[in-house]
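Subject: Structure handover

Hello,

Here is the structure we talked about. Please look it over, then read the notes below.

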Amino acid sequence: MEHPENSKEYKGLAVNSGVKEAPIMNPYLNIKKRPKAKELSVDEYVEGILAGNRTILSRAITLAESNLIEHQEIAQSVIEKCLPHAGKSIRVGITGVPGAGKSTFIDALGMYLCKDSHKLAVLAIDPSSEKTKGSILGDKTRMEELSLEKNAFIRPSPSAGSLGGVARKTRESIVLCEAAGFDTIFVETVGVGQSETAMHSMVDFFLLIQLAGTGDELQGIKRGIMEMADGIAINKCDGNNIEKAQLAQRQFQNALHLFPMPESGRTPSVVTCSAYEKFHIEDVWKMVEDYVAFTSKNGYFEYKRNQQSKYWMYETINEQLKNHFYHNSEIEKMLTEMEDKVNRNEMTSFVAAGKILDKYFGEI
């Protein structure tokens with residue numbers, strides 16, 4: 001570009017053209033494009049999963065989590081063929097307040113199980129941002145030992161706005177991991193809530209991680225979450241916190257006796273442990289094993305699994321109906337129109353919703 005200062009009328013003044021802008025990337029750098037992963041058939045997915053191939057297992061879980069219809073069709077076919085090889089694991093759901101040490105606890109308990117010849121799959125649900133819809137998926141970084149263990153498989157997944165703190169496709173991921181030969185499945189939720197029904201409806205044992213000495217003991221004795229817990233572990237029972245943890249153990253045990261007897265016929269146990277110090281970790285697993293043995297003997301274990309399968313059948317129906325409704329082109333147009341009318345106070349929300357549903361049911 002010619003600078004006006006270089007004109008003859010400006011004697012004694014000159015502006016150089018300057019240096020050409022350097023390229024962002026090194027022109028001498030030879031970058032090889034990563035080859036695109038080969039598309040696998042349903043049978044190749046199933047064969048790889050049954051052989052314990054973790055790369056193929058991860059790809060299958062990604063398909064199950066995808067919202068694309070073509071991915072869903074492949075995933076459902078894979079899951080259907082894997083189903084006869086699933087169901088042989090112990091499924092443990094782990095929840096607790098933020099800061100209770102869930103990831104450190106899973107690291108400690110997982111290493112204990114792997115050293116005892118177990119194969120463990122950890123499905124860690126990471127919260128998704130309401131604004132960006134993104135997730136950090138950093139649970140692996142907090143499971144330092146377990147992430148290097150050959151008998152462990154850690155799969156972080158975004159919650160993607162699903163209720164109950166559990167990703168919508170976690171149930172299907174459990175089936176795939178069981179078919180891959182994992183005999184123990186941990187599902188870690190995003191954090192404790194008043195309604196953890198999604199988690200409770202896919203695991204055999206629901207473990208609540210609690211803390212002592214935080215001044216929040218009464219919050220921990222809220223009926224909703226306590227009634228669903230099959231066992232409670234008071235974590236961080238170490239250092240100056242040992243006496244407080246033991247006191248909290250007695251308080252929780254007494255509180256549990258005030259609740260009606262669970263369907264399982266077994267009052268939940270309360271143990272103390274320290275995930276950081278690896279203290280009494282074996283007691284937690286013994287609590288799980290005792291519960292599984294007890295419920296297997298009285299028939300509740302099988303009954304609960306059957307009830308869970310029925311629950312997820314209805315949940316799938318609800319999800320498919322919702323997707324079909326919102327992906328209907330006519331409904332999409334009508335939603336925008338009704339939104340404008342509601343915003344201009346020309347129509348109430350309830351009347352608008354009724355008209356949209358009448359339109360939908362009139363078309364199907």
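Start at Glu188. Glu188 counts as buried because its relative accessibility is 3%, and buried means under 20% relative accessible area, exposed over 50%, partly exposed in between (1.4 Å probe, protein chains only). Glu188 is part of strand β4, residues 184-188. Helices (H or I, at least four residues) and strands (E, at least two) are DSSP runs, numbered from the N terminus. Glu188 and Leu123 are 65 residues apart along the chain, yet their C-alpha atoms are separated by 6.3 Å.

Before going further, note that this is a predicted model: local features need pLDDT of at least 70, side-chain atom pairs count only at pLDDT 80 or more, and totals for chains, interfaces and linings use all residues. Residues are numbered from 1 along each chain as its sequence is written, and side-chain values use heavy atoms, with hydrogens and water left out.

Ser89 sits in the loop between α3 (69-82) and β1 (90-96). Ser89 is buried, at 4% relative accessible area. Glu178 is 89 residues from Ser89 in sequence, but 6.4 Å from Ser89 in space, C-alpha to C-alpha.

Next, the second largest pocket. The search runs on a 1 Å grid over the protein atoms alone: a cavity is a set of points where a 1.4 Å probe fits but cannot get out, and a pocket is an open set with protein on both sides within 12 Å along at least five of seven lines; lining residues have an atom within 4 Å of a point. Grid points are joined across faces, edges and corners, and a volume is the space filled by probe spheres set on the points. The second largest pocket holds about 560 Å³ of space. Two or more lining residues come from each of α6 (197-200), α8 (223-228), α9 (242-257) and α11 (300-326). The largest share, 6 residues, is from α11. In total, 26 residues line the pocket, and His200, Glu227, Met228, Glu263 and Tyr300 lie nearest its centre.

What classes make up that lining? It has 13 nonpolar, 8 polar and 5 charged residues. Here Ala, Val, Leu, Ile, Met, Phe, Trp, Tyr, Cys and Pro count as nonpolar, Asp, Glu, Lys and Arg as charged, and the others, Gly among them, as polar.

Now the rings. Rings of Phe, Tyr and Trp (its six-membered ring) pair if their centres lie within 6.5 Å; planes under 30 degrees apart count as stacked, over 60 as edge-to-face and the rest as tilted. The count comes to 7 aromatic pairs. Tyr311 and Trp312 have ring centres 5.3 Å apart and planes at 85°, so they are edge-to-face. Tyr311 is partly exposed at 30%, whereas Trp312 is buried at 15%. Tyr360 and Phe361 are also an edge-to-face pair, 5.4 Å centre to centre with 65° between the planes. Tyr360 is buried at 6%; Phe361 is exposed at 53%. Ring pairs join Phe325, Tyr326, Tyr360 and Phe361 into a cluster.

Two charges sit over rings. The rule is NZ of Lys or CZ of Arg within 6 Å of the ring centre and within 35 degrees of the ring normal. Lys119 has its charged end over Phe182, 5.0 Å from the ring centre. Arg266 lies over the face of Phe294, at 5.5 Å.

Last, the cysteines. There are 0 disulfides (pairs of cysteine sulfur atoms within 2.5 Å). Cys82 is buried at 0%, and Cys114 is buried at 6%.

Best wishes
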